Amino acid sequence: IAIERTRRTRASEDGSGARDRAPPVTSKHALASFNNEPRTNTMTASDSRASHPSGSSSYVTFSLADETYAIDVLQVQEVLKLTEIAPVPGVPDYILGIINLRGDVVTVIDARRRLSLPGREPDEPSRIVNIDVDHQHIGILVDSVAEVVQIPASAIDPAPAVGNDQTSRFILGVTSSNDGLTILIDLNKLLSDDEWASLREL
């Protein structure tokens with residue numbers, strides 16, 4: 001998924017100027033709580049909105065191919081340093097294999113391949129983000145994890161018409177800040193129902 005990094009200025013309907021947009025609020029201290037620490041999520045989406053009266057939500061940001069992506073913080077269980085991934089024969093190319101996470105088997109997928117981005121060998125900053133989608137845990141390999149950001153709903157634009165139907169369906173929206181664009185990923189659409197069923201059989 002490639003999005004041209006251009007700054008867009010929108011005029012309001014009455015022509016009075018650009019609409020007001022609250023910038024994302026970042027916190028690297030919040031991210032530290034995820035690093036290699038198991039996390040039980042008892043918070044719901046409505047709880048999250050209640051804790052941010054302005055209608056903002058929190059996201060974990062990460063890097064892929066020099067682009068910034070974000071996923072719902074409520075679906076992030078923990079962030080792991082790269083560990084040995086045991087390959088599984090006969091699986092789609094975006095599935096890297098499985099890891100042993102404190103006795104539980106967790107499937108790891110390559111976020112680059114899933115989003116149709118160029119492949120790259122993992123390095124020291126690479127991380128496995130353990131996520132929860134409909135009570136099923138999987139790991140996604142990313143180039144690096146940055147921070148937790150609080151993004152107001154008013155700062156999120158609809159998903160642009162980029163890429164193909166397969167990749168664009170993953171995009172929840174985009175938001176911009178002084179650091180550039182951030183692409184919001186809908187984890188619930190990262191895999192199809194059939195693909196989730198296949199993962200459960202690994």
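D143 forms a salt bridge with R112, with 2.8 Å between the closest N and O atoms. D143 sits in the loop between β8 (136-142) and β9 (144-152) and R112 in helix α3 (residues 111-114), so this pair ties together parts 31 residues apart in sequence. The model is predicted: local features need pLDDT of at least 70, side-chain atom pairs count only at pLDDT 80 or more, and totals for chains, interfaces and linings use all residues. Residues are numbered from 1 along each chain as its sequence is written, and side-chain values use heavy atoms, leaving out hydrogens and water.

**Salt bridges**

- A salt bridge here is a side-chain nitrogen of Lys or Arg within 4 Å of a carboxyl oxygen of Asp or Glu.
- By this rule the count is 6 salt bridges.
- Side chains of opposite charge can pair when their charged atoms come close.
- D143 and R112 are both buried. Buried means under 20% relative accessible area, exposed over 50%, and partly exposed in between (1.4 Å probe, protein chains only).
- R114 and E195 also meet through their side chains in a salt bridge, at 2.7 Å from N to O. This pair links distant parts of the chain: R114 is in helix α3 and E195 in helix α5 (residues 193-200), 81 residues apart.
- R114 is buried, with a relative accessible area of 8%.

**The R120 and D123 pair**

- R120 forms a salt bridge with D123, and their closest N and O atoms are 3.2 Å apart.
- R120 is partly exposed, at 36% relative accessible area. D123 is partly exposed as well, at 34%.

**Strand pairing**

- Helices (H or I, at least four residues) and strands (E, at least two) are DSSP runs, numbered from the N terminus. Two strands pair if DSSP finds at least two bridges between them.
- Strand β2 (residues 56-64) pairs with strand β3 (residues 67-72) in the antiparallel sense, over 6 bridges. Y59 stands opposite D72 in β3.
- The hairpin of β2 and β3 has 2 residues between the strands. In this hairpin, A65 takes a positive phi near 50 degrees.
- Strand β3 also joins strand β11 (residues 180-185) through 3 bridges, and these two run parallel. T68 stands opposite T182 in β11.
- In a regular strand the side chains alternate between the two faces of the sheet.
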